Amino acid sequence: MNAQEVQWVAHLARLQLTPTGLETMTRQLSAIVDYVDRLKEVNTEDVEPMGHALSFSNVFRDDGPAASLPVADALANAPQRRGDFYGVPAVLE
Amino acid sequence: MLERTARELSDLLARCEISAETLTQAFLQAIRQRDPQVRAFLHVDEDAALEQARSVDARRRRGESLGSLAGVPVAIKDLICVRGQPATCASKMLQTFRPPYDAHVIERLRQADAVLLGRTNMDEFAMGSSTENSAFQTTRNPWDLERIPGGSSGGSAAAVAACETPLALGSDTGGSIRQPAALCGVVGMKPSYGRVSRYGLIAFASSLDQIGPFGHDVADAALLFDAVAGHDPRDSTSVNRPAPICRQTFDRDIEPLALGVVREHFDAGLDSEVERAVREAIRVYERLGAKIVEVSLPHAKYAVATYYLVATAEASSNLARYDGVHFGHRSREHSDLIDMYCRSRGEGFGPEVKRRIMLGTHALSSGYKDAYYLKALKVRRLIHDDYARAFGQCDAILGPTSPTPAFKIGERGNDPLAMYLADIYTIGANLAGIPGISIPCGFTRSGLPVGLQLLAAPFEEEKLFRIARTFERATDWHTRRPRFVS
């Protein structure tokens, strides 16, 4: 991977990297990507992808009302709050 | 008294030879004395622990029926939520976070009347194999304070090894319970995927994460496993089938017993002293009447590569929630919302977490998803099928837990890939969803513990504990304690 590609991935991941951080990351990610490339050796024709170890999917519960977290508890960890809402920088001009 | 097992302490408590308060005081005192050197704990709430202990004593005096861990202290890895207590994941991102609810396993420990002692150190967001990736402190191995305790649950393993707690909970995504257990000379067990609810476990890689027990011996691990295993509708991957009661059956041998030795586990890269101890453990089983069969896991050499694509892809998605909006670190300076995300995450996460988010994002990104993520899911299926075939020939697979004993602090700091290879024998169990346990099986000449890993078919925890206990009854490795504690 080159620095430009790494910068693009950092953008996708919403991760700010310093210039030296970008350099180190490029070197280390390239080595890791080279290592994982060994999977190309494996013949996986007609192999079903395995997302997780259990065979079941779509577990539903009854659609009934239940108590939820009180607003004060939910907001207790907010970095910034305005009344009963989370405070964030302006999204619209 | 601190060196006793949880079962012994539980007997003393039941016979009223000691109160839960006195016992808790003794462990808190041990933490005050020893932990400045070991640095296993990130947070200890002495008042909360003593209050729980006094409540158990009062109820015992009144003759009330008590839970299976009444008055026994348990330490908790710092990524399992306890209402109102810190849960930092050893990350600056969550330095001030206080969860508003208890994890399922914490509810179960409260029902069992355990005493929650404190929060243990770990690699940041459970990403690492040495606990050096903690943003706050470096935990030391009680057998040699110059060395790492393993990871990511290094704080829990070191706390048990240093007799600062008789029991601890950790989590295992690629070996994070079994590897530190091996390196610290204690027992650590990863349940089958789906056996223990992940509700309230801060997520790393959701298809691989499992919570499991640490203890001085197999019997203690079974006791703690029983307390936390079982169905929970709040985790849709928690299996709805009765959990076994392992603490009642672990002393029954499996007869006849067939054990599989994996050809590929003795390849290059295995330390010769680790190999010697593990081969001797195999001979112990043989003397006890077990039949040893050679099995093959032909895709084992691809497990680390598969894991580092699957786990990082899932992590990049799970850790997207840390955006500086709802909880966790928010950067003071930012020009707009996107800039706030980028700066908050850039400041809050450490280098290894960033590396894994980056690799996972790359593996899932447009143009690369099929070549990396999807390919890894297919190889994961082949790895799973290898284990399924092996368990057709044997009751359990045994081999080394870690290719080396504990290494020196700082030794592998600049080479992420070398660190990843520490998990080479443990990662397969997470990919396949099977249960595994590491038990002490010897020491190197310089006095570092060696762990024996046993793996069983999905949901055969009861059998796994019985087979591990067979070895434990015939040996005394699990009774050794580091010189540091005596």
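The model is a predicted one.

Chain B carries an open sheet of 11 strands with mixed pairing, and its strand order reads 1-3-2-4-6-5-10-11-9-7-8. At the edges sit strand 1 (41-44) and strand 8 (291-295) of chain B; each has a single partner strand, so one side of each goes without a neighbour in the sheet. Going from one strand to the next, the twist averages 30°.

Strand 4 of chain B is worth a stop. Strands of a sheet pair through backbone hydrogen bonds, and the pairing can be parallel or antiparallel. With strand 2 of chain B, strand 4 pairs in the parallel sense, over three bridges; here Leu169(B) of strand 4 has Ile76(B) standing opposite. With strand 6 (residues 210-215) of chain B, strand 4 (residues 167-172) runs antiparallel, and six bridges join the two. On that side, Gly170(B) has Gly212(B) of strand 6 as its bridge partner, while Ser171(B) stands opposite Ile211(B), also in strand 6 of chain B.

Six of the six residues of strand 4 of chain B are buried, so the strand is largely enclosed by the rest of the structure. Leu167(B), Leu169(B) and Ser171(B) point one way from the strand, Ala168(B), Gly170(B) and Asp172(B) point the other way, and all are buried. Asp172(B), then, is buried along with the rest of strand 4 of chain B.

Helix 2 (residues 20-38) lies across strand 1, strand 2 (73-77) and strand 3 (115-120) of chain B, and runs at about 140° to strand 1. Helix 8 (residues 272-287) of chain B lies across strand 7 (258-262), strand 8, strand 9 (396-400), strand 10 (436-443) and strand 11 (449-455), with an angle of about 105° to strand 10 of chain B.

As for the contact between the chains, chain B puts in 53 residues and chain A 41 residues. On the side of chain B that touches chain A, at least two residues each come from helix 9 (303-318), helix 10 (337-348), helix 11 (351-364), helix 12 (370-390) and helix 13 (416-420) of chain B. Helix 12 of chain B gives the largest share, 11 residues. Sorted by class, this side of chain B has 27 nonpolar, 15 polar and 11 charged residues.

Methods: Residues numbered from 1 in each chain as written. Chains lettered and ligands numbered in written order. Predicted model: local features only at pLDDT ≥ 70, side-chain atom pairs only at ≥ 80, totals over all residues. Pairing = 2+ DSSP bridges. Helix = DSSP H or I, 4+ residues; strand = E, 2+ residues; numbered from the N terminus. Axes fitted to C-alpha atoms, helices over the stretch in contact; angles between N-to-C directions. Contact = placed C-beta atoms within 7 Å. Nonpolar A, V, L, I, M, F, W, Y, C, P; charged D, E, K, R; others polar. Buried ≥ 20, exposed ≤ 12 C-beta atoms within 10 Å, placed from the backbone.
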